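These are my notebook entries on a structure that was new to me. I set down what I looked up, in the order in which I looked.

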Amino acid sequence: MNICVIGTGYVGLVSGVCFSDKGHYVTCVDIDKEKINNLKNEIIPIYEPGLKELLKKNKDEGRLQFTSNLSDGIAGAEVVLIAVGTPAREDGEADLQYIKAVARSIGENLTDYKVIVTKSTVPVGTGQMIKEIISNTAGHSHFDIASNPEFLREGSAIKDTFQMERAIFGVESERAERILKKLHEPFQTKIVVTNVETAEMTKYAANAFLATKISFINEVANLCEASGADVEKVAEGMGYDHRIGKAFLQAGIGYGGSCFPKDTQALLKIGEKAGYSLKIVPAVESVNKEQRLRLINKLRCAFGKEGLKGKRVAVLGLAFKPNTDDMRAAPSVDLIPLLEREGVEVICYDPVATSKAKEVIESLQSTSTLYGAVKDAEAILILTDWQEFKDMNLEQVKLELKRPIIIDGRNLFDPLKMRDIGFYYDSIGRSV
Ligand code: UGA
């Protein structure tokens, strides 16, 4: 099939590359000319394992191309996927300006029948708005709209797309349903067919539920700390129950990233507009906000009366999660300035996110190696669960440190083992 993907951010680029790898002919469109030129030269704007190689392969084999001209991009495409950003506005509501602009451009260039599919995460009702804009601009209704929300995760985006667990088709006609099924045929996944509004809601409900699982286990972790229980074992014991499941019960410093914080906020706004005020989601957000601050309290406890002023602390992990350089809503963005305000000298290390981190944390001091960061530090704070940190040579780290203190926001190590090596080790929801 010929498809056009508008927007080359995470969702658009990964979808475009993966659909082309499954044999479809894909044109990716973006108004950012520099981005398009870079993509033509196989320079990708994000760090995502395997993406560059797959992009090159499909480009070389002639199934994937890039353009900044929307009219060229949609000409000949049977399906147009909208995958532009819907960032949060100041008040938390999703900002639909890019969606509206794309809908207008599609309308201006729509000459034959196409299915216009929204992949971006958009509030319920956006599909209808897109339909109105396109038919007003095009002057005809020879198209169908559809919603096909995306569920891929950063860091494992390609695997998540190739092995998608389900595809949701929010459609208004059998023709659109047939076309979406053909598009997804190579993925052999479970398909849920519904109306556009339900598909839009499914995405928010899924993300809010995952965020709820994280905040829930973090509350349990905090309770474990106060009562001598071990959250890792609690999560394991809960997770064997298939009704609960093991996934997303990893206690830590809470969720970050471009999705959960934004989508929970947007869901609250959707509720407000619909005249229903959600009760669980605000609690999820509030637990998440507090959770990251607990790490600083743990550091304070480690130094006791000495206080934090003047201490040199190594921060390991800047990105919001491993295998990405995405800094959006990363705990490090809150915690590093807070530490600095308390007079701490912070030295950071992240395997890939340092240069992006410098754009958001002006004062950032960094090293190019893990051992460089820990050298002469008086404590380590672990903020991201990178494999490189799990694999670090703890004996060597202990030798490099001025004081053997590790405050671990991701529960990477066994507390007993850490005590045996001689560390002061505090983590989340487990006894020191
Ligand atoms: C999330 C969803 O998992 C995807 O299904 C969805 O498509 C995506 O948002 C989106 O809406 O675009 P993502 O934000 O890439 O994906 O990352 P996750 O792996 O879900 O992690 C989110 C945050 O939760 C991270 O900060 C991670 O450290 C944290 N987390 C995750 C925990 O603290 N504990 C866990 O058990 C799992």
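Entry 1. I looked up Lys-262 and found it in helix α11, which covers residues 260-274. Is Lys-262 buried or exposed? I counted 21 other C-beta atoms within 10 Å, and since 20 or more make a residue buried, Lys-262 is buried. I note here that the model is a predicted one.

Entry 2. I turned to Arg-328, which sits in a loop. This loop runs between β9 (312-316) and α13 (331-341). With neighbours within four places in sequence set aside, I listed Gly-257, Ser-258 and Phe-320 as the contacts of Arg-328.

Entry 3. I then consulted the annotation. Which residues does the UniProt annotation "binding site" cover? The entry, which is unreviewed, gives Asp-30, Lys-35, Thr-86, Thr-121, Glu-154, Lys-262 and Arg-328. These positions are spread over 299 residues of sequence, and in space they are spread as well, with up to 24.3 Å between C-alpha atoms.

Entry 4. I looked up the domain assignment next. The chain is assigned domain 1 (2-194), domain 2 (204-283) and domain 3 (292-426). For domain 1 and domain 2, I noted 29 Å between the centres, taken over C-alpha atoms. Nine residues from domain 1 and nine residues from domain 2 take part in the contact. On the side of domain 1 that touches domain 2, I recorded five nonpolar, two polar and two charged residues.

Entry 5. I went on to the nonpolar cores. The largest has 74 residues, and the members that touch the most others are Ile-6, Val-80 and Ile-82. Which helix gives the most to this core? It is helix α9 (residues 196-227), with ten residues. Why does the core lie between domain 1 and domain 2? Both domain 1 (2-194) and domain 2 (204-283) give residues to it, so I placed the core between them.

Entry 6. I examined Ile-82, one of the members named above. Leaving aside neighbours within four places in sequence, Ile-82 is in contact with Ile-6 and Gly-7, with Ile-99 and Val-102, and with Ile-116, Val-117, Thr-118, Lys-119 and Ser-120.

Note on methods. Residues are numbered from 1 along each chain as its sequence is written. This is a predicted model: local features need pLDDT of at least 70, side-chain atom pairs count only at pLDDT 80 or more; totals for chains, interfaces and linings use all residues. A nonpolar core is a set of buried Ala, Val, Leu, Ile, Met, Phe, Trp, Tyr and Cys residues joined through C-beta atoms within 7 Å. A residue is buried if 20 or more other C-beta atoms lie within 10 Å of its own, exposed if 12 or fewer, and partly exposed in between; C-beta atoms are placed from the backbone. Helices (H or I, at least four residues) and strands (E, at least two) are DSSP runs, numbered from the N terminus. Domain bounds come from an automatic or database domain assignment. Two residues are in contact if their C-beta atoms, placed from the backbone, lie within 7 Å. Ala, Val, Leu, Ile, Met, Phe, Trp, Tyr, Cys and Pro count as nonpolar, Asp, Glu, Lys and Arg as charged, and the others, Gly among them, as polar. UniProt positions are given in the numbering used here, feature names are shortened, and annotations may be inferred rather than shown by experiment.
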